[in-house]
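Subject: Structure handover and what was found in it

Dear colleague,

I am passing on a structure that will be new to you, together with notes on what was found in it. Please have the structure open beside this message as you read.

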Amino acid sequence: MVQRTEVQGMQQLATGQVSRPAQVVRRAVEPIDDSKVKSYETTNRILGALGEFVDASSEAAYKQAQIDVEKKKISGMATAVSGGKLGEEVNKAELMGYDLVQSQSELAVVNEELSKAIMAQPDMDDETYSKMRDAKYGDLLAKYQDRDPDVFKAISIKAQESQGVLFNIRTRAQKEYRDYKAKETLNYNINSQLDGARSVEQG
C-alpha cells in the first residue's frame, strides 16, 4: 500500500491560505492603488501650502509690529519735543521715544552748565573740573539707568561726543584768561614804573 505524504504548505494552499513568502511576492507585483498615492500627495501639498501661508502671515505680522513700535517711539518723541507729558497708559515704545528726547535735552543742559562753569572759572584745575563733570553726568546717567538700554546708551555716546567741544571751550577760556592775566601784569608793571618815575621827578 502506498502512503501519501503531504508536502509542508500544500494543505495551506489547498485551503486558500497563502504562505508569507507568497504574500510578499504578491504585494510586489500587484498594481499600486493610484488613488491612495494621489491622496497622500494632495495632503502633503495642502500641508505645505498651509505652512507657507502661516510663515508668510507671521512675517507680515512681525514687520507690522516693528512699524507699530517705531510709530509709538515717534509719538513719544513728539510729545517730549512739544513739552507735553505722557499719559498713565503709556507703553514701553512710547516711553522709550519720550525718554530719548527728554534725556538728550537734559544732557544739553548739563553741557551748558559745564560750559558756564568753565567760562566763570577758567583757571579751574583739572581735578576740580573732572569731579564736577563726572558728578553731573553721573546724576543724569543714574536717572535713566533703569529705563530702556538704548536711551541709557544714547546718553553715554552723546556725552562722549560732547567732550571734544568742551575741551575746545576750556582751552580757549584758559588761553583768554592767561592773555588777560599777562596784560594785567604788564599794565601793572608799566604803571608801577611810571609811578616810580614820577616819584623820582617829584623827589
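The notes below go from the overall fold to the confidence of the model, and then to a few residues in more detail.

Please keep in mind from the start that this is a predicted model. The protein is made of six helices and has zero strands, so that its pattern, read along the sequence, is α-α-α-α-α-α. Of its 203 residues, 17% are buried, and the exposed surface comes to about 16,000 Å², with carbon and sulfur atoms supplying 56% of that area.

On confidence, the mean pLDDT of the protein is 77, and 64% of the residues reach 70 or more. Among the elements, helix α5 has the highest mean pLDDT, at 96, while helix α1, which covers residues 10–14, has the lowest, at 45. Two stretches call for particular care in reading: over residues 1–15 the pLDDT stays under 50, and the model has two contacts for them beyond four places in sequence, while over residues 20–25 the pLDDT also stays under 50, with one such contact.

The N-terminal end of α4 is capped by Asn91, which places a side-chain oxygen 3.3 Å from the backbone nitrogen of Ala93.

The largest nonpolar core has 18 residues, and the members that touch the most others are Tyr137, Leu140 and Val151. Helices α4, α5 (126–143) and α6 each supply at least two residues of this core, and α4 gives the most, with seven residues. As general background, nonpolar side chains in soluble globular proteins tend to be buried together.

Setting aside neighbours within four places in sequence, Leu107 is in contact with Tyr137, Leu140, Ile155, Lys158 and Ala159. The C-alpha atoms of Leu107 and Lys136 are 9.2 Å apart, although 29 residues separate the two along the chain. Leu140, for its part, touches Ser103, Glu106, Leu107, Val110 and Ile155, again not counting residues up to four places away.

Finally, is Arg170 buried or exposed? Arg170 lies in helix α6, which runs over residues 149–202, and it counts as buried because its relative accessibility is 12%, where the cut-off is under 20%. With residues up to four places away left out, Arg170 touches Ile118, Met124, Asp125, Asp126 and Tyr129.

With best regards

Methods. Residues are numbered from 1 along each chain as its sequence is written. This is a predicted model: local features need pLDDT of at least 70, side-chain atom pairs count only at pLDDT 80 or more; totals for chains, interfaces and linings use all residues. Side-chain values use heavy atoms; hydrogens and water are left out. Helices (H or I, at least four residues) and strands (E, at least two) are DSSP runs, numbered from the N terminus. Buried means under 20% relative accessible area, exposed over 50%, partly exposed in between (1.4 Å probe, protein chains only). Contact means heavy atoms within 4.5 Å. Accessible areas come from the Shrake-Rupley method with a 1.4 Å probe; for residues, only the protein chains shown count as cover. A polar contact is a pair of N or O atoms within 3.5 Å; within protein, one must be able to donate a hydrogen and the other to accept it, and residues adjacent in sequence count only if both atoms are side-chain atoms. A nonpolar core is a set of buried Ala, Val, Leu, Ile, Met, Phe, Trp, Tyr and Cys residues joined through side-chain atoms within 4.5 Å. pLDDT is the predictor's confidence in each residue, from 0 to 100.
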